[in-house]
Amino acid sequence: MFEPVLLKSVDIRSGHLLSTYEAGGGYQALAKALRDYTPDEVIELVKQSNLRGRGGAGFPTGMKWSFVPKQSGKPTYLCCNADEGEPGTFKDRIIMERDPHQLIEGLAISAYAIGAETAYVYIRGEYVTAIRRLEQAIAEASAAGYLGARILGSAFNFTIHIHCGAGAYICGEETAMLESLEGKRAQPRLKPPFPAVAGLYASPTVINNVETLICVPHIVVRGAEWFRGIGPDKSPGPKLYCLSGQVRKPGLYELPMGIQLRELVEEHAGGPLPGRKVKAVIPGGVSAPVIPERGLDVGMDFDSLAAAGTMLGSAGVIVIDDTTCMVKVATRIVEFFHHESCGKCTPCREGLNWAVKVLRRIEAGEGTPGDLEQLEKLCKGIFGNTFCALGDGAAMGLRAALAHFRDEFVAHIEERKCPYH
Ligand code: NAD
């Protein structure tokens with residue numbers, strides 16, 4: 001039986017308070033890191049754990065930290081990506097609302113490791129309760145000496161600032177987030193240089209997701225081997241999965257990385273609604289290509305899902321049953337990306353606009369025989385030709401829907417109506 005670690009306090013009513021966090025062993029990891037480890041030793045520990053970024057890309061966290069130059073002559077910044085804009089994703093919100101000190105402790109240890117004295121938490125503006133709870137928690141932690149100058153009697157100084165987004169999905173893209181923090185219009189930057197070398201105000205900057213950061217205190221207390229012992233060796237650890245869509249028990253689940261997608265949907269989330277069948281699952285937020293039901297025997301980890309032609313992404317698992325039209329699903333998803341495109345790259349701006357027009361036409365029963373080839377051509381034109389992953393996510397998702405559910409698209413065109421209505 002798997003014991004939750006990251007979610008262990010989220011159902012406690014007072015879980016957001018410092019007294020509850022301390023009673024559960026909170027801030028002992030920070031004390032241990034400052035007492036027993038040098039910053040480089042913390043980086044080495046995180047490297048040994050094989051922790052990979054939980055925002056979606058799965059980049060090795062310890063390696064990212066080690067890219068920060070030691071003597072840049074500039075301040076180093078830590079940014080927490082709490083923008084969580086990916087549809088179907090709500091894990092970071094629950095952590096910030098119900099257990100914000102876990103994030104503060106993760107931020108403090110991570111900042112110590114990379115030599116940062118300042119962190120920015122970029123939270124999406126819609127997360128009103130999360131913002132309020134995190135502000136209260138920062139005030140409590142500062143008053144108790146876990147933040148501020150000479151933390152716990154050490155030479156380490158550390159301050160956290162909260163920055164609220166204003167509803168744009170693109171602000172979750174790390175370099176657009178840096179532009180937004182600098183007060184500019186949020187548009188992605190060309191990489192390289194990566195933020196670890198030239199990020200906020202052209203200074204070395206590490207950007208980590210909320211879930212990535214909250215793993216760090218547990219690695220410090222329980223060790224790298226404990227972490228690596230959960231799930232696949234190359235992609236280990238406890239993992240938060242957001243279950244939504246047409247399923248009996250939607251919600252946030254903490255289970256080992258690498259759990260079978262079928263077990264997650266059919267056992268933990270209770271399977272489809274009465275009298276229905278699962279038709280497809282989107283495993284990692286709408287940026288992740290859809291998997292038809294026959295593909296559910298796959299591990300929920302970065303490498304297994306990549307080998308299956310999709311991705312773990314933000315682990316926003318969206319279940320779609322046999323009453324749902326896949327043309328409608330694909331149209332809503334591409335409409336979302338079109339609406340959120342920042343407009344900087346022509347293939348994304350123009351290509352998604354065009355794809356939405358074609359998809360709406362097919363959905364309305366007004367499609368023409370060449371439309372599917374047109375959509376495939378548009379995907380080809382967008383994929384790999386943009387500054388950031390937004391256009392890629394839209395193109396990959398549309399391609400997968402066209403490949404796995406082509407018969408539904410053809411039926412709309414040939415019958416000149418939606419077979420589901
Ligand atoms: P990426 O692979 O380009 O980068 C991942 C991280 O590794 C970044 O921090 C990047 O700076 C760093 N990195 C990569 N190569 C590096 C190098 N050579 N040197 C130094 N640092 C390096 O991916 P991305 O564009 O940051 O993220 C895409 C992912 O975001 C998608 O997989 C998607 O699932 C996810 N996503 C998540 C949400 C959410 O709400 N959580 C929203 C949208 C997208």
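Modeller: Before we start, two strands pair if DSSP finds at least two bridges between them, and helices (H or I, at least four residues) and strands (E, at least two) are DSSP runs, numbered from the N terminus.

Colleague: What joins β5 to β6, and which way do they run?

Modeller: Strand β5 (residues 238-245) is joined to β6 by six bridges, and the two run antiparallel; within this pair, L243 has G251 of β6 as its bridge partner.

Colleague: What should I know about the model itself?

Modeller: This is a predicted model, in which local features need pLDDT of at least 70 and side-chain atom pairs count only at pLDDT 80 or more, while totals for chains, interfaces and linings use all residues. Residues are numbered from 1 along each chain as its sequence is written, and side-chain values use heavy atoms, with hydrogens and water left out.

Colleague: Back to the strands, what is the order in the sheet?

Modeller: The order is β6-β5-β9-β7-β8, an open sheet of five strands with mixed pairing. Strands β6 (251-256) and β8 (291-292) stand at the edges with a single partner strand each, so one side of each has no neighbour in the sheet.

Colleague: And β9, how many of its residues are buried?

Modeller: Six of the six residues in strand β9 (residues 316-321) are buried, where buried means under 20% relative accessible area, exposed over 50%, and partly exposed in between (1.4 Å probe, protein chains only). In a regular strand the side chains alternate between the two faces of the sheet. Here G316, I318 and I320 point one way from β9, while V317, V319 and D321 point the other way.

Colleague: Which strands does β9 bridge to?

Modeller: Four bridges join β9 to β5, and these two run parallel, whereas β9 and strand β7 (residues 278-282), also joined by four bridges, run antiparallel. V319 in β9 stands opposite G245 and also opposite V281.

Colleague: Switching to helices, how do α13 and α17 cross?

Modeller: The axes of α13 (residues 326-340) and α17 (residues 406-415) come within 8 Å and cross at roughly 100 degrees, the axes being lines fitted to C-alpha atoms, for helices over the stretch in contact, with angles running from 0 to 180 degrees between N-to-C directions. The two helices are therefore roughly perpendicular to each other; angles under 35 degrees count as roughly parallel, over 145 as roughly antiparallel, 65 to 115 as roughly perpendicular and the rest as oblique.

Colleague: Which residues meet there?

Modeller: From α13, M326, V327 and A330 meet E408, F409 and H412 of α17, with contact meaning heavy atoms within 4.5 Å.

Colleague: OK, how many salt bridges are there?

Modeller: The structure holds 28 salt bridges, each being a side-chain nitrogen of Lys or Arg within 4 Å of a carboxyl oxygen of Asp or Glu. One of them joins R361 to D371, with the closest N and O atoms 2.6 Å apart. R361 lies in helix α14 (residues 346-363) and D371 in helix α15 (residues 371-382), so the pair ties together parts that are ten residues apart in sequence.

Colleague: Are those two buried or exposed?

Modeller: D371 is buried, with a relative accessible area of 3%, whereas R361 counts as partly exposed at 32% relative accessibility.
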